[in-house]
Amino acid sequence: MATPLLIAQLSDFHIGLGPHFLGGRMDTEQALRAAVLHVAALPTPPDVVLLTGDLTERGSAAEYAVVADALAPLTTRGTPVYAVPGNHDEPNMARRALPLCMPAAPDAPACCYHRQHSGLHLVALDTVVPFKSHGALQAPQLAWLAQTLDACRGGPVLIFMHHPPLPTGIEALDSCSLLHGAEELAALVRGHGAVQGLLCGHLHRAVQMQFGGAPLHVAPSVAHQFTLDLRPGAPLRAQLEPPKVSLHRWHPVHGLCSHTSYVQPFGEPLPL
Ligand SMILES: [Fe+2]
């Protein structure tokens, strides 16, 4: 009988963001620790956890040490945790602190790699352009992805990456999303025919789209969210919202079903 795979997605922790951020009302370390404990205590704990970038604010060793420690409730119980870098990360530091989360793949460019769980291929795509906030997929990443999808031989694939490849209408974010390689990525996704979904971060909002014929899910931040403002030219602003994580249930027959789980719900569940 086909068994579903549960995948928790946590994104954009920004560990190290100053204590005065949002008037001192956002403690990103506390937010990450609460999100990890929430995921670890879910009635159905995840089989795999994916981190979609901006783990830290400045990419320092001290910041990654906090991330590694905060993830311990998941990593010490043996839950596989895999990460891609975001534009605020420093991949070498991240790999040093979290070697199992961002595994080195000698044949892959930058921080790209490929893992497999219960028949699902997890493909980590590194979209970071050094010292820029926007993302790009350059020729080496696209060639590696084409080769990796070929090697999956039509098997189900889940791609995870930091920068979303489509505009959202939030102009300040659209100008720093994936600015190069989106068309080529869409063609590869469509050509493979069994990409179950693409999981992204960067937007600090939960957003659903379709891309290359597959569902695309952007996870909210576990900390602060960017304001939903679709007016042309609207400035980027951040705000406090109930912290959230994404929980994806992948079924070999039914595909991907994406849930949003609130880290601090208003009280315990009650019988009806
Ligand atoms: Fe971010």
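## About the model

This is a predicted model: local features need pLDDT of at least 70, side-chain atom pairs count only at pLDDT 80 or more, and totals for chains, interfaces and linings use all residues. Residues are numbered from 1 along each chain as its sequence is written, and side-chain values use heavy atoms, with hydrogens and water left out.

## Cysteines

The structure holds 0 disulfides. A disulfide is a pair of cysteine sulfur atoms within 2.5 Å. C257 is in no disulfide either. Its nearest cysteine sulfur, in C200, is 18 Å away.

C112 is buried, at a relative accessible area of 0%. C257 is partly exposed, at 35%. Buried means under 20% relative accessible area, exposed means over 50%, and partly exposed is in between (1.4 Å probe, protein chains only).

## The open sheet

Five strands form an open sheet. Their order is β3-β2-β1-β14-β15, and the pairing is mixed. Strands (E, at least two residues) and helices (H or I, at least four residues) are DSSP runs, numbered from the N terminus. Two strands pair if DSSP finds at least two bridges between them.

The edge strands are β3 (81-84) and β15 (255-262). Each pairs on one side only. From one strand to the next, the twist averages 25°. Strand β14 (residues 244-251) pairs with β15 in the antiparallel sense, over 8 bridges. K244 has Y262 in β15 as its bridge partner.

Helix α1 (residues 28-40) packs on this sheet. The helix touches β1 (5-10), β14 and β15. Contact means heavy atoms within 4.5 Å. The direction of α1 makes about 170° with that of β1. Axes are lines fitted to C-alpha atoms, for helices over the stretch in contact, and angles run from 0 to 180 degrees between N-to-C directions.

## Aromatic rings

The count comes to 2 aromatic pairs. Rings of Phe, Tyr and Trp (its six-membered ring) pair if their centres lie within 6.5 Å; planes under 30 degrees apart are stacked, over 60 edge-to-face, and the rest tilted.

Y113 and F160 have ring centres 6.2 Å apart and planes at 80°, so this pair is edge-to-face. The pair links distant parts of the chain, 47 residues apart. Y113 sits in strand β4 (residues 113-117) and F160 in strand β7 (residues 157-160). Y113 is buried, with a relative accessible area of 1%. F160 is buried too, at 0%. Ring pairs join Y82, Y113 and F160 into a cluster.
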